[in-house]
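This report covers a chain contact, a helix pair and a pair of domains. The sequence and structure come first.

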Amino acid sequence: MVARVLGDAVNPKLFVAQRLSAFVLALAVAVHLATILYAVRGGLTAGEILARTHGNPAFALFYAAFVIAVAVHAPIGLRNVLREWTPWRGRSLDAALALFALALLALGLRAVYAVCA
Amino acid sequence: MTQGAPALEIEIWRGAAEGSFQTFKTPRREHQTVLDVVTEIQREQDPTLSYRFACRVGICGSCAMVVNGRPRWTCRTRVSEVLENGNHIRLEPLRNFTVVKDLTVEMTAFFDKWKDAHGYFEPGDKPAGDFAAVKPDSKKRRAVDESIECIGCGVCYSACDVVEWDKDYLGPAALNRAWTLVNDVRDQGNAARLDAVARSEGCQACHTHMNCTQFCPKGIAPTYSIAGLKRKVWWRAFWGTP
């Protein structure tokens, strides 16, 4: 059996984390798309978006939750896909995907901060 | 169909991992099974043809092969069910196994995975001193009944896409066996068993394609057994107990 840096005990937790983050994403994506469709009726400028989102804690909280769910969900799914379709396993795979998760989190939260702060 | 009917054209894999198909012509006979055809070819035309069988009546499961692309017990497959273009059948060894020669496969890795999945009864340090009373209509006993008839023929393992992608995946048969033991009230090894099936190569890797359930000659649904394991593992991840 291949070496696994995350260990066997972590795998069910990844499974649970992936499902729970999927619940959040199902809701968040729907709200996100509905908001876009509602907001852009009749055109929309960056200035108008920022006017609505700046200093708005509801927007900040919603999109922060969205970004966290993405950062949890996407790397776990990508790990499963890579494990099935490539021979890549073990420490280097898990480390690469942990970095990917951090990158998603950092870029996403930076965007949330820029739009809402 | 009687004797003297047009000859069957049987393509059979010859070799191991490397090899090619060899075509044999053999008579069409009434009520002929695919295993009958292979046996006739081996006895009448080419004694070097390797294949495996024992009971010939659907009890042992050792004659499983891929017939026209689908894994089946050849003893329970009538030629009339599977003929293509009126007289053609293609026979291959089971997929996802190492081929020993021709239609014979090495099954050690398959059964090793039953051990990896803790697919054996664990009486515990202090086995029960008396018979366990298990009501036939209890939920757990019914769950066992639905999955217990597996005879380890390897048809599900041959059909499984996930095994094809990930050679370490435990596979439907081993996980199905683990599920029967999870529901065995006498067994005391569930903590270790659920840890074993919760690995990356375990139940969560199943994509629910249901090929195993589609092709199981015993009518078992390993997909549902694996789904049951996923539920157990899910709650165990929260509460930490089986």
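## Basis

Axes are lines fitted to C-alpha atoms, for helices over the stretch in contact, and angles run from 0 to 180 degrees between N-to-C directions. Helices (H or I, at least four residues) and strands (E, at least two) are DSSP runs, numbered from the N terminus.

The model is predicted: local features need pLDDT of at least 70, side-chain atom pairs count only at pLDDT 80 or more, and totals for chains, interfaces and linings use all residues. Residues are numbered from 1 along each chain as its sequence is written, while chains are lettered from A and ligands numbered from 1 in the order in which they are written.

## Helix pair in chain A

H3(A) and helix H4 (residues 90-116) of chain A pack at an angle of about 160°, and their axes are 9 Å apart. H3(A) is therefore roughly antiparallel to H4(A) (the term applies to angles over 145 degrees).

The contact of H3(A) with H4(A) has 21 nonpolar, one polar and one charged residues. Here Ala, Val, Leu, Ile, Met, Phe, Trp, Tyr, Cys and Pro count as nonpolar, Asp, Glu, Lys and Arg as charged, and the others, Gly among them, as polar.

## Contact between chains A and B

Twelve residues from chain A and twelve residues from chain B form the contact (two residues are in contact if their C-beta atoms, placed from the backbone, lie within 7 Å). On the side of chain A that touches chain B, helix H1 (11-39) and helix H3 (57-85) of chain A each supply at least two residues. H1(A) gives the largest share, five residues.

## Domains of chain B

The domain assignment, automatic or from a database, gives chain B domain 1 (5-105) and domain 2 (107-239). Their centres, taken over C-alpha atoms, are separated by 30 Å.

Conventions: Angles under 35 degrees count as roughly parallel, over 145 as roughly antiparallel, 65 to 115 as roughly perpendicular and the rest as oblique.
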